[in-house]
Amino acid sequence: MDEAQAEAHVFEIEEDWEHYLPLPNLVDEAEMELMLAFAERAREGIRERLQEALRGNGAVGRFRHQVKHLFLQKAWDEFFRQQMLEKAREFCEENELAYRE
């Protein structure tokens, strides 16, 4: 799709907006919840460090730092991916939207 086609498509959507469903920003809505869930599933010692990182201002940055420091990046990325897929499935099912895995 070239730029002109993309622009035309946007105008078609704007003219017929009642037939479109806005997608939620799942990452912003669920990020802290997922971080807390990941921390809760961690083994003792690591769990406490992750939970401590999630307290107060700057929690997201501290959590990400701890994930890297504790060599949990691969586990966090896989957990996050799986949870986001599940949330996307739920959104599609709640709104009766067809989807492919």
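Histidine 69 has a relative accessibility of 45%, so it counts as partly exposed; buried is under 20% relative accessible area, exposed over 50%, and partly exposed in between, with a 1.4 Å probe and protein chains only. The model is predicted: local features need pLDDT of at least 70, side-chain atom pairs count only at pLDDT 80 or more, and totals for chains, interfaces and linings use all residues. Residues are numbered from 1 along each chain as its sequence is written, and side-chain values use heavy atoms, with hydrogens and water left out.

Histidine 69 sits in helix α4 (residues 59-69). Its side chain makes a polar contact of 3.5 Å with the side chain of arginine 49. A polar contact is a pair of N or O atoms within 3.5 Å; within protein, one must be able to donate a hydrogen and the other to accept it, and residues adjacent in sequence count only if both atoms are side-chain atoms.

Now the whole chain. It has five helices and zero strands. Helices (H or I, at least four residues) and strands (E, at least two) are DSSP runs, numbered from the N terminus. The radius of gyration is 19 Å, well over the 13 Å that the globule rule gives for 101 residues, so the chain is more spread out than a compact globule. That radius is taken over C-alpha atoms, and the rule is 2.2 Å times the number of residues to the power 0.38. The C-alpha trace spans about 55 × 30 × 25 Å along its principal axes. Of the 101 residues, 24% count as buried.

How far can the coordinates be trusted? Mean pLDDT, the predictor's confidence in each residue from 0 to 100, is 88 for the chain, and 93% of residues reach 70 or more. Where pLDDT is low, the predicted coordinates should not be read in detail.

Helix α3 holds leucine 50. Leucine 50 is buried, at 0% relative accessible area. Its contacts, not counting residues up to four places away in sequence, are Phe38, Ala39, Ala42, Phe63, Gln66, Val67, Leu70 and Leu72. Contact here means heavy atoms within 4.5 Å.

Next, the aromatics. There are six aromatic pairs. Rings of Phe, Tyr and Trp (its six-membered ring) pair if their centres lie within 6.5 Å; planes under 30 degrees apart count as stacked, over 60 as edge-to-face and the rest as tilted. Phenylalanine 38 and tryptophan 76 form an edge-to-face pair, 5.2 Å centre to centre and 75° between the planes. Phenylalanine 38 lies in helix α2 (residues 26-41) and tryptophan 76 in helix α5, so the pair ties together parts 38 residues apart in sequence. Both partners are buried: phenylalanine 38 at 9%, tryptophan 76 at 7%. One aromatic cluster takes in Phe38, Phe63, Trp76, Phe79 and Phe80.

Helix α5 (residues 73-94) also carries lysine 87. Is lysine 87 buried or exposed? Its relative accessible area is 19%, so lysine 87 is buried. Its side chain joins that of glutamate 33 through a polar contact of 3.3 Å. Lysine 87 touches Leu26, Ala30, Glu33 and Leu34, again leaving out residues up to four places away in sequence.
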